[in-house]
Amino acid sequence: MALEITIERSAQLKQKPDENKLGFGQYYTDHMFILEYTEGKGWHSGRVVPYQNISLDPAAKVFHYGQTVFEGMKAYRTEDGIKLFRPKKNFERLNKSNARLSIPHLDEELAYEGLIKLLDVDREWVPSAEGTSLYIRPFIIATEPALGVNPSLNYLFMIIMSPVGAYYAEGVNPVKIHVESHFVRAVAGGVGEAKTAGNYAAGLNAQEEAKDRGYSQVLWLDGVHRKYIEEVGSMNVFFKINGVVVTPQLNGSILNGITRNSVITLLKHWDVPVEERRISIDELIEAHRNGQLEEAFGTGTAAVISPIGELSYNDEKYVINEGKTGELSSKIYDTITGIQKGTVEDPFGWLVSLD
Ligand SMILES: *Cc1c(COP(=O)(O)O)cnc(C)c1O
């Protein structure tokens, strides 16, 4: 069945914001993409429409039982046109999240086609100032108005887009992270592996407590032993210990980050030893005591690399690399952002052209 995507252009275009004051997720482009799912009919009525409010029945299942998933990706303006970074990976992951949340499988080609059409209509919104990009937020919500606890019969898939500023306005700066020993984000067998709203709602209180104490994010430990390292806020985490880069293995409760995968691929390409395995907070502290904890950083689409300059755990502080960005962290950051800007060779074919 060939599904056609229609385009309805906005009659009145918005004024674009100052590219030097974008922040994150403050402004939205002129259009959005919508695709509907109806039980028995499948996904249908794909369309690019003016950005607008949507109307939902208050009984829509998403409001009550959290049946929803999302993705996060970016479009970059380069010398050579508009580019996306490994976009198919996001739609693949969206379907993995769907499977976990009992949301029907989405035709990845159709979703991608919708994104390309939306980007084409709103191409003027991809900013060009240094470090800026167009953040893309695909998401699905359960819309059936019924309070019975079972999977919704209807859904909306939408894509909204927001021009975002340079993550590091004054160069890459290490952050201070609080190791959370009371709350947990997810457990094996739960939904930690899915990009679904509940994981983020569940993490807000610990994040706020950490902020009150002067830390920018939380480092989560596993939900069973409160011992093994999981991830940082909405980033995966890496440690360089005595020349070896270690990151927690995908265990079902951490998110399978695309940046994480790109970093591992790069390290292997450079012949830097990298291990995906269980790593405990005790091992990390022991490495710090022995002077072997050389670098630590988080990875995610928003910041790409976020160096960690200090960890706090059980009232002790552990400063890493004198609170400065490590050499390897810098090299990874420069390489990935360079590939995204088209200024560094892309041996893996990660960049996809819009045109
Ligand atoms: C999105 C996300 C990440 C990073 O994934 P990327 O694909 O690299 O952006 C890591 N952890 C969590 C919890 C996330 O939601």
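Reply: What follows begins with the paired strands and then moves on to helices and loops.

This is a predicted model, in which local features need pLDDT of at least 70 and side-chain atom pairs count only at pLDDT 80 or more, while totals for chains, interfaces and linings use all residues. Residues are numbered from 1 along each chain as its sequence is written, and side-chain values use heavy atoms, with hydrogens and water left out.

Strands here are DSSP runs of E with at least two residues, helices are runs of H or I with at least four, and both are numbered from the N terminus. Is strand 9 mostly covered or mostly uncovered? Strand 9 is mostly covered, with four of its five residues buried. Buried means under 20% relative accessible area, exposed means over 50%, and partly exposed lies in between (1.4 Å probe, protein chains only).

Glutamate 209 comes 31 residues away from histidine 178 in sequence, and their C-alpha atoms are 9.4 Å apart in space. Glutamate 209 belongs to helix 5, residues 204-212. With a relative accessible area of 35%, glutamate 209 is partly exposed.

Histidine 288 sits in another helix, helix 7, which spans residues 281-289. Its relative accessibility of 23% makes histidine 288 partly exposed. From histidine 288 to valine 319 there are 31 residues along the chain, yet the C-alpha atoms are separated by 8.5 Å. Which residues does histidine 288 touch, not counting residues up to four places away in sequence? They are Leu293, Tyr318, Val319 and Ile320, where contact means heavy atoms within 4.5 Å.

Two helix pairs show how helices pack against each other. Axes are lines fitted to C-alpha atoms, for helices over the stretch in contact, and angles run from 0 to 180 degrees between N-to-C directions. Helix 6 meets helix 8 at an angle of about 110°, and their axes are 11 Å apart. That angle makes helix 6 roughly perpendicular to helix 8. Angles of 65 to 115 degrees count as roughly perpendicular, under 35 as roughly parallel, over 145 as roughly antiparallel, and the rest as oblique. Helix 6 contributes Ser262, Val263, Leu266 and Leu267 to the contact, and helix 8 contributes Leu328, Ile332, Thr335 and Ile336. These residues divide into six nonpolar, two polar and no charged. Ala, Val, Leu, Ile, Met, Phe, Trp, Tyr, Cys and Pro count as nonpolar, Asp, Glu, Lys and Arg as charged, and the others, Gly among them, as polar.

The other pair is helix 2, residues 87-100, with helix 3, residues 108-121, which pack at about 130° with their axes 10 Å apart. Helix 2 is therefore oblique to helix 3. Pro87, Lys88, Phe91, Glu92 and Asn95 of helix 2 meet Glu108, Glu109, Ala111, Tyr112 and Leu115 of helix 3. In this contact five residues are nonpolar, one is polar and four are charged.

Most residues other than glycine have a negative phi. Aspartate 271 is not a glycine, but its phi is positive, about 60°. Its loop runs between helix 6 (258-269) and strand 14 (274-276), and at 70% relative accessibility aspartate 271 is exposed. Glutamate 322, again not a glycine, has a positive phi of about 55°. Its loop lies between strand 17 (316-319) and helix 8 (327-341), and glutamate 322 is exposed, at 66% relative accessible area.
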